[in-house]
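Please have the sequence and the model open while reading.

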Number of protein chains: 2
Amino acid sequence: MNSTPQTGDHIVKGYDQELKRLTGEIQRMGQLALSQLEAAIDVVMERDSDAAMKVVHDDSAIDALEHEVSQDVVRLLALRQPMARDLREILAALRIAADIERIGDYAANVAKRSIVLNQSAPVQLANALPRLARLAEGLVQEVLVAYRDNDADRALDAWARDEELDEQYTGLFRELLTYMMEDPRNITPCTHLLFIAKNIERIGDHATNIAEYVYFLVHGTQITQTRRKGDATSGLAIDGPR
Amino acid sequence: MNSTPQTGDHIVKGYDQELKRLTGEIQRMGQLALSQLEAAIDVVMERDSDAAMKVVHDDSAIDALEHEVSQDVVRLLALRQPMARDLREILAALRIAADIERIGDYAANVAKRSIVLNQSAPVQLANALPRLARLAEGLVQEVLVAYRDNDADRALDAWARDEELDEQYTGLFRELLTYMMEDPRNITPCTHLLFIAKNIERIGDHATNIAEYVYFLVHGTQITQTRRKGDATSGLAIDGPR
C-alpha cells in the first residue's frame, strides 16, 4: 500500500473506487437513518415500547457506519493525499456522515422518549406529529439524492423547504402548550411530545446542513440566500394573543 | 507554495507553527464559547433582553472562527499532506472546532429564548439554573485545558463528570414540571426554561465529545469505560411516585 504515487497525479482507478465506496457508505447510513426515523414515529403512534427499544438499540448500526466512514476518510487522506476538489469531496463526506449520525441519534431519542410517553394516557395529536416527521423524512431523502447526484439545485430546494418544517413545528408547539393549559394531566405527556417534536425539527436542521455541504461541493461557494432558520418557538409568547 | 516537499519527512518548522496556529484558534473559539455561555445565563437571570440580543448576535464570531479553522485544516491537509499522528491531530482539531461551534449555538439559543421568557412573570428557580450552567462551564473549561495540554487523564475526568450535569438537569426538569402542574400560568415560562436547561445539558454532551477526541488523540484508542450518558428525563415519568 505504501507504493501509492506521491505526485499530484492521484486520479487513478483505485482512488475513484475508494471514493465511490465512501459515498456508498454514506448513502447506506442515510437510508438507515431514514428507516429509523420512520420506525420511531410508528412506535410513538402505536405506543409500542418493545419496538421503541429496538429502534434505540439499532442506532448503533449507524454509529458503526460513521466510524467506518471516518476510518476510510483517514485512509484516503493518508494514502492518496488528494488535492482541491477531491479533498473537498472527502471532507464533505466526513461532515455529511456526522450529520446523518446526528439524525440517527434524534430518531433514537424520539423512540426512547416514547417509552415513557406510553406511561401516560394518550394525547390526541391527530396527524400533526407524523406529518412533521414525513416532512423531515422528505427533506432528508432529498438531500441524500442531491448528494448522490451532485445536484446543487435539488440541495438548494430542500434547504429552502426546511422553513415549512419549522412552521409546522411551531404550530405543534402551540397546540401542545394549549393542551397543557387545558388539563394539568397533559403536562407530563405533552412535555415529552414537545421534546419529540423538537428532535424532528432538529433533523430538519441537519438536513439543511447536508444541503449546504452539497451546494458547496458543487459550486465551491456558500448558499447566499437567506431565510429564517431554526426554531421560531424560542421567540414565541404562547399565552399572549395569537 | 507548490514547492512543499512531497516526502514523508514533513515535520518542518512551518508545519508545527501552522498546527500551533490551528490549536490557538480553537482555544480562542473555546474561550469565546465560554464567555457566551456565561453571558447567556446572566441575561436569563437578570431578564435583560437587550443584553440577550447581543449574545445572539455575538455567536457569529464563533462561527467565523470555525470557518477559519476549516480553511486552515484544508490548507494543512493539501499542502503538508500529514500522516499518522499529525493527521489525527488535524482531524481532531476539525471535530473539536465543530463541537465548540455547537456549544456557542446552544449558548445563543439560551439567550434567544430568554427574550420571550421575559414576557412572562419570573419563575422562582433559586440557583438551579446558574448551578447547572456553572457545571457545564466547568466541563468545557476542563476539556479545553485537556486539549491544550494533551492531557488524557484530565479529559477522562471531565468525561466522567458529565453524569453530575445530567443528574442536576434531571432534577431541574422535575422541578419545572412540578411548577407547571401547580399553576397553569407557569406552563409557558417553564416550557422555555425546560428548553434552556436542555441546551445546557447538550453543552455537557459536546464537552464529553471533546474529551473523547482528546483521549483518542493521546492514546489512539477510544475510552473504554461506560457510563449512563445523556438525558435521563427521556426515561422519566414525572407524575408517578418519585
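The text below goes from the whole interface to its helix pairs, and then to salt bridges. The model is a predicted one.

**The interface as a whole**

The size of an interface is often given as the accessible area lost when the parts come together. Between chain A and chain B about 3600 Å² is buried. Carbon and sulfur atoms give 60% of that area. Chain A brings 41 residues to the contact, and chain B brings 41 residues as well.

**Helix pairs across the interface**

Two packed helices are described by the angle between their axes and the distance between the axes.

| Helix in chain A | Helix in chain B | Axes come within | Crossing angle |
|---|---|---|---|
| α6(A), residues 187-219 | α5(B), residues 152-182 | 10 Å | roughly 130° |
| α5(A), residues 152-182 | α6(B), residues 187-219 | 10 Å | roughly 130° |
| α3(A), residues 84-117 | α3(B), residues 84-117 | 13 Å | roughly 45° |

Take α6(A) and α5(B), whose axes cross at roughly 130°. Because of this angle, α6(A) is oblique to α5(B). The crossing of these two helices is right-handed. On the α6(A) side, the contact is made by Ile187(A), Thr188(A), Thr191(A), His192(A) and Phe195(A). On the α5(B) side, it is made by Tyr169(B), Phe173(B), Leu177(B), Met180(B) and Met181(B). Of the residues in this contact, seven are nonpolar, three are polar and none is charged.

Next come α5(A) and α6(B), with axes that also cross at roughly 130°. They are therefore oblique to each other, and their crossing is right-handed. Here α5(A) supplies Tyr169(A), Phe173(A), Leu177(A), Met180(A) and Met181(A). These residues meet Ile187(B), Thr188(B), Thr191(B), His192(B) and Phe195(B) of α6(B). The contact of α5(A) with α6(B) again has seven nonpolar, three polar and no charged residues.

The remaining pair in the table is α3(A) and α3(B), which cross at roughly 45°. These helices are therefore oblique to each other, and the crossing is right-handed. Leu91(A), Leu94(A), Arg95(A) and Tyr106(A) in α3(A) meet Leu91(B), Leu94(B), Arg95(B) and Tyr106(B) in α3(B). Which kinds of residue make up the contact of α3(A) with α3(B)? Six are nonpolar, none is polar and two are charged.

**Salt bridges**

Side chains of opposite charge can pair when their charged atoms come close. How many salt bridges does the structure hold over all chains? The count is 26. Across the interface of chain A and chain B, however, the number is zero.

One salt bridge within chain A joins Arg75(A) and Asp72(A), with the closest N and O atoms 3.1 Å apart. Both residues lie in helix α2 (residues 49-80) of chain A. Because they are three residues apart in that helix, about one helical turn separates Arg75(A) from Asp72(A).

Note on methods
Residues numbered from 1 in each chain as written. Chains lettered and ligands numbered in written order. Predicted model: local features only at pLDDT ≥ 70, side-chain atom pairs only at ≥ 80, totals over all residues. Heavy atoms only, no water. Axes fitted to C-alpha atoms, helices over the stretch in contact; angles between N-to-C directions. Helix = DSSP H or I, 4+ residues; strand = E, 2+ residues; numbered from the N terminus. Parallel < 35°, antiparallel > 145°, perpendicular 65-115°, else oblique. Left-handed = near helix turned anticlockwise from the far one by under 90°. Contact = heavy atoms within 4.5 Å. Nonpolar A, V, L, I, M, F, W, Y, C, P; charged D, E, K, R; others polar. Buried area = accessible area lost by both parts, 1.4 Å probe. Salt bridge = Lys/Arg side-chain N within 4 Å of Asp/Glu carboxyl O.
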